[in-house]
Amino acid sequence: MTKARLGGGIALAMLGALALAQAGCGNTFGCGGLTGSSTNSGFSGCSGGQSIPPPSSINFAGTLGTSFIATVSDTIASYSFRGNVPLKVVYVNNKPPVLILATNLSPSPSLLSVQALSGFTTTQLASTSTQGSTISLSVGGPLPALAGPAACDVRFVVSGPINQNYEALLEQNNNAYENLTTAPTLYLVGGASGNVDGVFTEVLGFFGPIKADLVINGVLADTGLGNSFTVKSGCP
Amino acid sequence: MGALEIGFIDSPSNGFQSIALNIVSVRLNPSTNPAVPDTDPNWVTVSAPSGAGPGELSVNLLDFQNNAVVFNIGQVTAQNYNQVEVVIDATQPGMVIPSCSAAKPAAQEGCITANVAFTGSTNLRTTSPVSVPFTGLTTLLLDINPGTPVPPASPGGKYTLNPSISVAPVSPFLIPVSGTVAGVPATGDIISAELTGTNSIVASAQLTTGGNFTMQLPAAEPPGTTYDLFVSGSSTFAVKSGITLIRGGSAPPAQSFTVLTASGVALTGAVIDGRTKGALTGATVSLLLPASSADNCVTSMSGCVIVATTTSDSAGNYTFPSVTPPPSGTPFYVQASIPGTNTVTQLLSYSSIPTCPSGPNASNCSFLLDNDLLTGTITVDPPPGAGTNTVVTLLAEPTGTGNLVGFSQVTVTSLGTAPFQLEVPTTVSPTTGNNNVDLIASAQDAYLGVGTQFSGHQLAVLGNVNPTSPPAGGINLTVSCLGHGTIAGTALSPDANTHVRLFQDGVQLMDSTVGSTVPIPGSTATPAFPTQYSFCAPPNNTYTIQRFEETSATAVPVGTATMIVVPTPEPVATSSPCPLCENALGQCPGNCSATSASSLQP
């Protein structure tokens, strides 16, 4: 069925449960000396500081290997990337509403199912099996305008054996985010400036080492490989 | 534990562009009590196959209307079950995209996304015996009957669904493929089936003790569905190519593989834009293994099986962390592709540091992907309001086809016009030598704030563009707000291979299958529109529709093309902002009405 190739996007809604857990501040590592709190979090361990918005997550699932291109935008910045199913994208320190545009690029009929979550709550879910068809989802309501590129585009790209569990602590400026999930994952860090770092530690079984690239403004700034490591750099 | 494969099939109404359900899992219970509580501890679950942790899938039932699909294969307690449930997301069960109504004026807008609510439980249950033994594979094919969606009372409301499920016979929709893998060091290796020549994995199963495997794979009407199989894991790769399954046909002979325990080496390289010499991020890089030494993957994908896929990173680099040696006499090939560039396949010289001698870097396996750059402008009419913008998608496809070879998105601000750049391959049709492309521009719209899959703006097309000699005066494409439109009709005596395609100025826009004509055996559902097709085609345009039969790799046109005009909905006055977009006169388009086409003869 390829009738739905042209046009904007779907926008359902939905609930769900994403990976294993995600939180606005860390408990395992503490918060690296930082403080903050989130009202949509299954974790605790930080106190004080200003409220941290729950991270927005996007789960790209469906037919394994389905290639796609996506744009994620909040009110401040937008990020574009390509990937293959499966992939999780976690957008921390975002300023909702968040819009996700995803286009199925697979040359054969392959399901691209996109699940958008805010914290633990699935906000929308949409799918397409048609090459060239674009779906759109949003978190926190409609976004009136796609934002421009980030002033400092910070991404952590984590790869490794599919379903390798790991814990990540991402730190920047005056807040930190902890995420317990599985590879592969792309983290987008909103509002980044100054120093940024990520601490990655495998947990719950070991299928092989994970690799994390810290990419700033499209340039590889640091990379790590193994069961537990830190990558760090800074915005120019 | 026993292996349980879950598949879906359906025959929904084609009066909808989409009827999607958000499926969390399928679960079974041994109780003979049809009212056994959902909280009973004896339910066993096969979850959605996200491959990335717990989740759920949005699936369009129209994708199942002609062929079964595999949901997932799970391991469950080996015993007899009697209750089967499809667990739908209780908070957001799904969505529909209705076609435009035949009524004039229409009470409801069409071609928009609407959420649904169920009249009953979101745990869809049926009572049916399912026996899962300790050995072998049990297959459970579920027919999901969405019922007839009931429209909401007012725009923006939810459609009401009352879906049900039933157990459908596995035959003729699924056909077993089984065999043995010799030399497997453990039971952890995987056998995967993918559509031939692609990396779209339809099903994967873990090898059992002794290296045995069985999978039930979807089989289409003749010419059938063709699969590649490959073994992967801790051993060397082994492949079979071109296994064709025809609905109702017999199972293929047992497939035998032999693998060796071996350690792997890292395969690395870079994917470079041949025109700009810059890194290509997000390129798909595939490792190919031919089924026989006679297969040359550089010249043809015939016999070549994709056994691993990765993506180039932000520096254009890619890595396969551990590639075990190829079988004797059948070398590996590596293929890199990304829309907008040529697809390149290279022979891999396997060693402790694998290289591609024909590539640009002798020390690894790197790629140069050539392309041409098309530039021009996109205009949105009327311009987006202050503080807003409109995203316009640009597609390029080889002239006269529906294959995507180039993709770009442009954000048009309140200025109304924005420049675009679109990369296209230098070679788009190697067999014909015609490298011209068709361009399509489509605005991404939202209806009442909810993204819609179908544009409320006219589609802008430009056909037969020579990338090396673009039109004088440049490429200027304009999309105007006109609202939605639908073309609906019937194709007489269709089968599962019947397609109808929509063209504008000779440029192929959309392809639709035709509503199933053969009810699923044992199904409680009768297709509401058994021979119907429909398109969401923006109004105020003249289109042509053409019937095709896909009885071979090349679709054959049947009959003559039919011209049809989709009228513009009457504008309506509203006291609030337009639910979709505002036209050039400052008015809102009214709800769309369906445009009927004459029946297409077989």
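User: In what sense does strand E7 of chain B run relative to strand E8 of chain B?
Analyst: In this predicted model, strand E7 (residues 94-98) of chain B is joined to strand E8 (residues 114-118) of chain B by 2 bridges. Met95(B) stands opposite Asn115(B) in E8(B). The two strands run antiparallel.

User: Which residue in E11(B) stands opposite Phe118(B)?
Analyst: E8(B) also pairs with strand E11 (residues 159-161) of chain B, over 3 bridges and in the parallel sense. Opposite Phe118(B), the residue in E11(B) is Leu161(B).

User: What is the bridge partner of Val231(B) in E18(B)?
Analyst: Strand E17 (residues 225-232) of chain B pairs with E18(B) in the antiparallel sense, over 6 bridges. Within E18(B), Val231(B) has as its bridge partner Ala238(B).

User: Which residue in E5(B) stands opposite Ile6(B)?
Analyst: Strand E1 (residues 2-9) of chain B is joined to E5(B) by 7 bridges, and the two run antiparallel. Ile6(B) has opposite it, in E5(B), Asn72(B).

User: What radius of gyration does chain B have, and what would a compact globule have?
Analyst: Chain B has 0 helices and 44 strands, and its C-alpha atoms fill a box of roughly 75 × 65 × 45 Å along the principal axes. A compact globule with 602 residues would have a radius of gyration near 25 Å. Chain B agrees with this, at 26 Å.

User: What percentage of the contacts in chain B with a separation of 6 or more is between residues 24 or more positions apart?
Analyst: Of the 602 residues of chain B, 52% count as buried. Among contacts with a separation of 6 or more, the share from residues 24 or more positions apart is 71%.

User: Which strand gives the most to the side of chain B that touches chain A?
Analyst: In the interface, 67 residues of chain B are in contact with 72 residues of chain A. The side belonging to chain B has 23 nonpolar, 38 polar and 6 charged residues. With 5 residues, the strand that gives the most to this side is strand E38 (residues 507-513) of chain B.

User: Over which residues of chain A is the pLDDT below 50, and how many contacts does this stretch have beyond near neighbours in sequence?
Analyst: The mean pLDDT of chain A is 78, and 77% of its residues reach 70 or more. The pLDDT is below 50 over residues 7-48 of chain A. Beyond near neighbours in sequence, the number of contacts this stretch has in the model is 173.

Conventions:
Residues numbered from 1 in each chain as written. Chains lettered and ligands numbered in written order. Predicted model: local features only at pLDDT ≥ 70, side-chain atom pairs only at ≥ 80, totals over all residues. Pairing = 2+ DSSP bridges. Helix = DSSP H or I, 4+ residues; strand = E, 2+ residues; numbered from the N terminus. Contact = placed C-beta atoms within 7 Å. Nonpolar A, V, L, I, M, F, W, Y, C, P; charged D, E, K, R; others polar. pLDDT = per-residue confidence, 0-100. Rg over C-alpha atoms; globule rule 2.2 N^0.38 Å. Buried ≥ 20, exposed ≤ 12 C-beta atoms within 10 Å, placed from the backbone.
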